[in-house]
Amino acid sequence: MSASAVFILDVKGKPLISRNYKGDVAMSEIEHFMPLLMQQEEEGALAPLLSHGRVHFLWIKHSNLYLVATTLKNANASLVYSFLYKTVEVFSEYFKELEEESIRDNFVIVYELLDELMDFGFPQTTDSKILQEYITQQGNKLETGKSRVPPTVTNAVSWRSEGIKYKKNEVFIDVIESVNLLVNANGSVLLSEIVGTIKLKVFLSGMPELRLGLNDRVLFELTGRSKNKSVELEDVKFHQCVRLSRFDNDRTISFIPPDGDFELMSYRLSTQVKPLIWIESVIEKFSHSRVEIMVKAKGQFKKQSVANGVEISVPVPSDADSPKFKTSVGSAKYVPEKNVVIWSIKSFPGGKEYLMRAHFGLPSVEKEEVEGRPPIGVKFEIPYFTVSGIQVRYMKIIEKSGYQALPWVRYITQSGDYQLRTS
């Protein structure tokens, strides 16, 4: 069983929308939610699940709204939270911004969507593209005779409509890897992992079947191939269109794709990553009247690649003033509300090394530094490059009409939580 009822509350806890799916939870129960929330917040024990008597409240906060699901049973909590986040995603697709005003202005459509999203406590149609085929922005003005539930709702392939046609059949594949890295002051890597996603943009006619081949280590072991250029994928998660039984049997990623943009899969690699952009910093204080910071950045990736939009955030003392900067490339600016200097480099080729010097005045009164300095943060994006070495080996497109289709592949590496400690 999933949720008995779903509520949308404003920031003060007043219900804007309520939808009871089973009738076993009294609507008055929601009045207990806000006092419970405030009490736990005061006690510093705030939890995503609150209970009052036999009723359990599972909640998330988005913008100035609370989305709350209630249940009397020992429900599958992860299913309920997935449903709540999916509800936010669907509403955002419809109203662009999900906030109190958009709920008040579109309450008829919100009720229609809640009726389709869940039935008797079980999630139903949660794909916004399919919902938009029969619940429109003018949903309350539809004539009953003209309204038609598309066959996709009752179809085995509920995420794709029939009869799609394109003059040019193409598939665009984006392999995007985010590098999470934490390095201590001695230069030792404390934490490193790669979080990857494979996103598709599909412009294909008919009802095609796609098969995606990766240099997956488990697949290579099954087929007796060399492991040299393979990667071991962990925590793999797929879009609902992927045939999981086929993947479990022979590691084939086979699917009938939704139309347009979607995320096919995500994965994680717990691997030792060499810092792609290495940072060294030296701080010199002069008789407590001024401070000089020297930062050296080096690109430790292959010379053929270029990192774009590099931003290096260097922490400075909270009482610093009168900033002066000198950079060998790019520009630097002081952001006093965050106590950082942001050094921006538009284009950073691999193997290059750049310097930034910052000079600040300090008040004459000496201030003791109780805590260590925050770490230096780095943001970047490197196109046509992957850290893990993952490769799309092939993309087969099978459709009964036998048309020719073009798959395009793009690789991108970007910074995730990328920090280097200096003390």
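**View 1. Strand 1 and strand 5 pair side by side.** Strand 1 (residues 5–10) and strand 5 (residues 65–71) run antiparallel and are joined by 6 bridges. Strands of a sheet pair through backbone hydrogen bonds, either parallel or antiparallel. The model shown here and in the other views is predicted.

View 2. The order is 2-1-5-4-3, and the pairing is antiparallel. Which strands are the edge strands? They are strand 2 (15–20) and strand 3 (49–52), and each pairs on one side only. Ignoring direction, neighbouring strands of this sheet are turned by 20 degrees against each other on average.

**View 3. Helix 2 and helix 4 lie across strands of the sheet**. Helix 2 (residues 77–95) lies across strand 1, strand 3, strand 4 (55–62) and strand 5. Helix 2 runs at about 35 degrees to strand 4. Helix 4 (residues 107–117) lies across strand 1 and strand 2. The angle between helix 4 and strand 2 is about 30 degrees.

**View 4. Arg19 forms a salt bridge with Asp115**. Their closest N and O atoms are 2.5 Å apart. The pair links distant parts of the chain: Arg19 sits in strand 2, Asp115 in helix 4, and 96 residues separate them. Arg19 is partly exposed, with a relative accessible area of 24%. Asp115 is partly exposed too, at 39%.

**View 5. Arg251 and Asp216 meet through their side chains in a salt bridge**. The N to O distance is 2.8 Å. Are these two residues buried or exposed? Both Arg251 and Asp216 are buried.

**View 6. Glu170 and Lys168 form a salt bridge**. Here the N to O distance is 3.6 Å. Glu170 counts as buried, at 13% relative accessibility. Lys168 counts as exposed, at 52%.

**View 7. Ser322 and Tyr384 each have a positive phi**. Most residues other than glycine have a negative phi. Ser322 is not a glycine, yet its phi is about 50 degrees. Ser322 lies in strand 17 (residues 321–327) and is partly exposed, with a relative accessible area of 48%. Tyr384 is not a glycine either, and its phi is about 60 degrees. Tyr384 is found in the loop between strand 21 (376–383) and strand 22 (392–398). At 67% relative accessibility, Tyr384 counts as exposed.

Technical notes: Residues numbered from 1 in each chain as written. Predicted model: local features only at pLDDT ≥ 70, side-chain atom pairs only at ≥ 80, totals over all residues. Heavy atoms only, no water. Helix = DSSP H or I, 4+ residues; strand = E, 2+ residues; numbered from the N terminus. Buried < 20%, exposed > 50% of the residue type's maximum accessible area, 1.4 Å probe, protein only. Pairing = 2+ DSSP bridges. Axes fitted to C-alpha atoms, helices over the stretch in contact; angles between N-to-C directions. Contact = heavy atoms within 4.5 Å. Salt bridge = Lys/Arg side-chain N within 4 Å of Asp/Glu carboxyl O.
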